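I opened this model to look up its pockets, its cavities and a few helix contacts. My notes follow in the order I took them.

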Amino acid sequence: MSEALAGILLLALLFLFFSLGLEIAFSLGLVGLLGLLWLKGWTIGLGVVGSVAWSNASSFSFVAVPLFVFMSAILLHAGIGQSLYAAVARWVGFLPGGLAVASVFACAIFAAVSGSSVATAATIGMIAIPEMERRGYHKPLVYGSLAAGGTLGILIPPSVPMIIYGVMTETSVGQLYMAGILPGILLGLLFAAYIIGYALVYPERAPRGQEGRAPLREKLRSLVEVAPIALLIVVVLGSMYFGIVTPTEAAALGVSMSLLLAVTIGRLTWPGLVRAFHETVRTTSMIMLIIIFASIFSHVIALLGTPRALLGLVTGLKLAPWMVFSLIFGVLILIAYALEELSVMIIMLPILFPLVTGLGFDPVWFGIVMIVWLEMGFITPPVGINLFVIQGVARGSTMRDIAVGSTPFVLILILLVVILFFVPDLALWLPRQMMPGSR
Amino acid sequence: MIGRTSKAASFLGGLATLFIAGATTSDVLLRYFVNRPLLGVDEVAGFLQVLVVFWGCAYTFQQGGHIRVDLVTSHLPGPVRAWLRVVTLLLGLAFLGVVCWVTTQSALTAYRYQRVSVVMLFVLWPAMLLIPTGLALMAVAMLATLRRQLRAALGPRAGREEVGGERPAA
């Protein structure tokens, strides 16, 4: 019990630093450092800080993070979104709310080459938002479909948060990737179904146009335009699925192919590439500093034995696993409305992961649940990152419209978690089919 | 000056990422098609990632990229926020100072014992020195912000606010 108490005290100190406005990475490092000095003394404590910083920063598994961020940035600045959105709109434009459905599907396809929800929302949003506004679509529907569609970027592989989850918990990133595919497709379909239903109830909010009535020849030609993207997806995901490459190597292949593609279609300029450089460094540095200093913190939590104590406490309560899970998820939903989720995931994993797997839940399955939770957090006000992305892309948009438009999609994400709880095979079936060498 | 240096360091980080991608791709292609892998690519990639992370953190700081929570502070009056930022900058600088010192010591120890990497036996200390140098650059950028923040906190009442340059994102 005293271990659990000490852990809770450190967590309280951490949240104190957070609320003072100290950088999240520094808060984690400072609390971790204080804990180490207290438990291990000056010499050993400082030695741990040095070795943790080096081993995390130089880990080859984490190299996939800058590579996938770079790949998304290249594709964003090469304007890949344009041909992709046009092609998808030609095929599904006939549906009620067709342009919004096309946004979601274009996001889902782009998600298969992008590991970030921000890049996905920005790439497709830049093209789709003006298109839908011109047509007179209801603003909350426009913004909501893009903010939510963008979050598919981290559920459909590749996915930067999955790399972080996988490396931190020693779960296979390749298996996590495969586990995200079917839930990702289902989620895209659920989003589309909601949009179609909405457009049927309020037809005036999603006026119909001419897309989808294009002749078959034109539709087929649009497929040729997006063929390079399809090739990129096949290479990046296929090479991993068949166990030819590790996730980091797949990311490197993806970067090389994206560069080749961007140069071939002639849309990548030198200033664009430099912008992609800086974006990559900024995102990588932000995420990795949090990971590095969080691992000092989690080292302390592990030394204290907090996860084990917590597991003992929870099993002592004799609650059914589903009750514990609902409790945890309920708290997580509240957190999603308050804090920046990726940092929270990094901080909470060392405590949550042993607890949840100790109760008998599958580590890969829990990884997918955490990703869906992140998606939820990305579109919940006041700090959902995708809401800010849409605000940046859509001129003249209000945060209110964006948040209102995103809310139904939050409910769909909660529904997906419920489905995953009752049908865990939705996530776990595909990883089981992988080539043995790639697991 | 600080801005230009940190931007140049970030640019180097971008180049390093490009190099990692190229080298790893070559390794995969050579291994798959002619069964001749490039040994040591993963080790070099790891070293270069240290450069991306730590030489990039000063620029990231200046761009407001290191996430902070403003849920509480955004409800406080401007002057309080100005002084609170002075406190958090000092806390951050103290922490950076300790980490800089520790990682410099680690690099010096690695130099003294000529520590090498596992596969290719590369000497480790140059890559290890990337950590304290990058963090020192970030500390300089934070000191510049601290100076501006102190001026704002001590200056005319209307200007007592958290200074810009870094955006509390979340």
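This is a predicted model: local features need pLDDT of at least 70, side-chain atom pairs count only at pLDDT 80 or more; totals for chains, interfaces and linings use all residues.

**Pockets, cavities and helix packing**

Which of them gives the largest share? I checked, and H14(A) does, with six residues. I then sorted the lining of the second largest pocket by class and got 19 nonpolar, two polar and no charged residues. The volume of this pocket is about 470 Å³.

**Largest pocket**

I listed 36 lining residues; Val118(A), Arg282(A), Thr283(A), Ile385(A) and Val389(A) lie nearest the centre. Which helices supply at least two residues each? In chain A I noted H3 (64-77), H6 (117-135), H8 (160-169), H12 (270-304) and H17. The lining of the largest pocket has 22 nonpolar, 10 polar and four charged residues.

**Cavities**

How many cavities of 30 Å³ or more are there? I counted four. The largest cavity has a volume of about 40 Å³. I found 12 residues lining the largest cavity, with Gly93(A), Gly98(A), Tyr137(A), Pro207(A) and Arg208(A) nearest its centre. By class, I put that lining at five nonpolar, four polar and three charged residues.

**H6 against H7**

I looked up how H6(A) packs on H7(A), residues 139-155: the angle is about 155° and the axes are 8 Å apart. Over 145° counts as roughly antiparallel, so I logged H6(A) and H7(A) as roughly antiparallel to each other. Their crossing is right-handed. On the H6(A) side I picked out contact residues including Ser117(A), Ala121(A), Gly125(A), Ala128(A) and Glu133(A). Among those they meet in H7(A) are Lys139(A), Leu146(A), Gly149(A), Gly150(A) and Gly153(A). I classed the residues of this contact as nine nonpolar, eight polar and two charged.

**H3 against H11**

H3(A) packs with H11(A), residues 247-264, at an angle of about 20°, with axes 9 Å apart. That makes H3(A) roughly parallel to H11(A). I marked the crossing of H3(A) and H11(A) as left-handed. From H3(A), I noted Leu67(A), Phe68(A), Phe70(A) and Met71(A) among the contact residues. They face a set in H11(A) including Pro247(A), Ala251(A), Val255(A) and Leu259(A). The class count for the contact of H3(A) with H11(A) is 14 nonpolar, three polar and no charged residues.

**H17 against H18**

I read the crossing of H17(A) past H18(A) as right-handed. Leu387(A), Phe388(A), Ile390(A) and Gln391(A) of H17(A) make the contact with Met399(A), Ile402(A) and Ser406(A) of H18(A). I sorted these into five nonpolar, two polar and no charged residues.

Notes. Residues are numbered from 1 along each chain as its sequence is written. Chains are lettered from A and ligands numbered from 1 in the order in which they are written. Side-chain values use heavy atoms; hydrogens and water are left out. A crossing is left-handed if the near helix is turned anticlockwise from the far one by less than a right angle, and right-handed if clockwise. Helices (H or I, at least four residues) and strands (E, at least two) are DSSP runs, numbered from the N terminus. Contact means heavy atoms within 4.5 Å. Ala, Val, Leu, Ile, Met, Phe, Trp, Tyr, Cys and Pro count as nonpolar, Asp, Glu, Lys and Arg as charged, and the others, Gly among them, as polar. On a 1 Å grid over the protein atoms alone, a cavity is a set of points where a 1.4 Å probe fits but cannot get out, and a pocket is an open set with protein on both sides within 12 Å along at least five of seven lines; lining residues have an atom within 4 Å of a point. Grid points are joined across faces, edges and corners, and a volume is the space filled by probe spheres set on the points. Axes are lines fitted to C-alpha atoms, for helices over the stretch in contact, and angles run from 0 to 180 degrees between N-to-C directions. Angles under 35 degrees count as roughly parallel, over 145 as roughly antiparallel, 65 to 115 as roughly perpendicular and the rest as oblique.
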